[in-house]
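Trainee: I am new to this one. Please show me how to read its interfaces.

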Amino acid sequence: MTKPLVPVTLMVNGERYDVSIPPWRTLLEVLRETLNLTGTKRSCGEGQCGTCTVLIDGKAVNSCLYLAIEAQGKAIQTIEGPAAGDPVVERIQHAFANKGAIQCGFCTPGMIIATKSLLQDNPKPSEDEIREALVGHLCRCTGYVQIVEAIQDAAGALAAKEGA
Amino acid sequence: MTYLRRLPKFAYAGPTTLSEVTALVADTAPGEILLLAGGTDAILQMRRRERTPKTVVGLKGVAGLDGIAEESDGGLTIGATATLAALAASPLVRRRFGLLAEAVLQIGGVELRNVATIGGNVAGALPCADLPPALMTLGAKVKLAGPKGARWVALDEFFPEFSRTAAQPNEILAAIGLPKPAPGSAGTYLKFHDRHSMDMTVVGVAAFVTWDAKKKAVAEVRLAYANSAPTVMRARQAEAVLKGQAPSDDALAACAEEACKETKPRTSWRANGAYRLELIRALTKRAIRRACEKAQARPGDAP
Ligand SMILES: Cc1cc2nc3c(=O)[nH]c(=O)nc-3n(C[C@H](O)[C@H](O)[C@H](O)COP(=O)(O)OP(=O)(O)OC[C@H]3O[C@@H](n4cnc5c(N)ncnc54)[C@H](O)[C@@H]3O)c2cc1C
């Protein structure tokens, strides 16, 4: 059976991609396999772990539970964002690296995207608010302490920049 | 390795109006079509091959189906595709229907609430869903839209059996309506689960009371339960035991005892039936106490 491909236009990190995909492809599959944007990770496949988190129109979502065809016409941002010049994501990445919030690194892209979403809604989150924002993200290496510190560090640095 | 599996093959339709949706659903065989709102349940059901529809009808692009609006009589109408995040952020919901906001924030994490919808939570008809108990105690009705127009059904009567709703095969859930809460009323939703978050409800109890400040008694009480029977359910006999009484320890114990008789919790790997009954007993009392405290904190206000 030939696959009934449908034309879909995706805007990812400000770039336009015209692709032909089967309608049952998830956004995660298309990002990784069709667009070769493999920074977004696949792990649990059921919305529990958060490694596949991307922003759709500024909101954090699990790309494994989202059909690519439904992301048409929306602004998608992945961890590859900094290449397209997102200074906020870049600053969060620095904080994660500096604070030792990365060990194996597999959960990091999802954590960073979630942090961007958190800080845009709440620039000065408390520790509880940070932990609450990360309930859908699993890290099996760090025990989360350094991740929370990194987010506090990034929030502080971004607020200082804002004030400057 | 089911998690690496593709979704089963389907055709996709992306209607933009409610009448297009009802036209697509009309005259289809059971299982032929799948309505996809947020997809947080439905995509997983497809990945597990529990559902293999010929066509997926996406609801995300249906205009005006996600509104949250106050009615002239003080009630609230919530469109089926309103996301949990939109509900939690709505000043109207937080101020006037705090019980709903409280239940919403106990579901999943940010990523889930950004896409999961109220319609999907209710129409899925799962006994563990967290919104139906809160909505039932708020006196919710659901609006069903079909080829011949729309009708309203009380949420209390919407779940005839496990995983099934009172909607006809050609009807979709279009909206949820809440009446204006009585002055001096308040509610709470207590969800028991093992982990701090991102976990399925073992038992959930919603209590909504109207406080009579003069008599220092519970003028009205509604109780509804998640994962305490094959469907989410109201416990009307337990409500009757407490109605008109002061919430003394004895009155609450009698009410909770009645709730244990009315519910039929099952045994699963998460918890056995006897343990769930203990939860129902304890959480019923606690939920009513909290609801009474909240209602007393806002005496006679027009909420
Ligand atoms: C990680 C994770 C955690 C979760 N935690 C919770 C939790 O704590 N509490 C909880 O209650 N749920 C939880 N869920 C389940 C689910 O996310 C919610 O029930 C959600 O509200 C479902 O909404 P949806 O829009 O994603 O539904 P969908 O998956 O799109 O649909 C669910 C069902 O309803 C049908 N449907 C959807 N909209 C309509 C409509 N308008 N008319 C008729 N039928 C319709 C669909 O066909 C499908 O059968 C969780 C899910 C995941 C993946």
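Mentor: Start with contact, meaning heavy atoms within 4.5 Å. Here 30 residues of chain B are in contact with 32 residues of chain A. The model is predicted: local features need pLDDT of at least 70, side-chain atom pairs count only at pLDDT 80 or more, and totals for chains, interfaces and linings use all residues. Residues are numbered from 1 along each chain as its sequence is written, chains are lettered from A in the order in which they are written, and side-chain values use heavy atoms, without hydrogens and water.

Trainee: What area do chain B and chain A bury between them?

Mentor: Interface size is often given as the accessible area lost when the parts come together. Buried area is that loss (1.4 Å probe), summed over both parts. Chain B and chain A bury about 2600 Å², 57% of it on carbon and sulfur atoms. On the chain B side, B:Arg6, B:Glu111 and B:Met198 lose the most, together 25% of what that side buries.

Trainee: How many salt bridges cross the interface of chain B and chain A?

Mentor: A salt bridge puts a side-chain nitrogen of Lys or Arg within 4 Å of a carboxyl oxygen of Asp or Glu. The rule finds 3 across this interface. One joins A:Glu33 and B:Arg6 (2.9 Å, N to O).

Trainee: Which domains make up chain A?

Mentor: Domain bounds come from an automatic or database domain assignment. Chain A has domain 1 (6–77) and domain 2 (87–163). Their centres, taken over C-alpha atoms, are 22 Å apart. Domain 1 gives 14 residues to the contact, and domain 2 gives 12. About 1000 Å² is buried between these domains, 62% from carbon and sulfur atoms.

Terms used. Buried area is the accessible area (1.4 Å probe) that two parts lose on being put together, summed over both.
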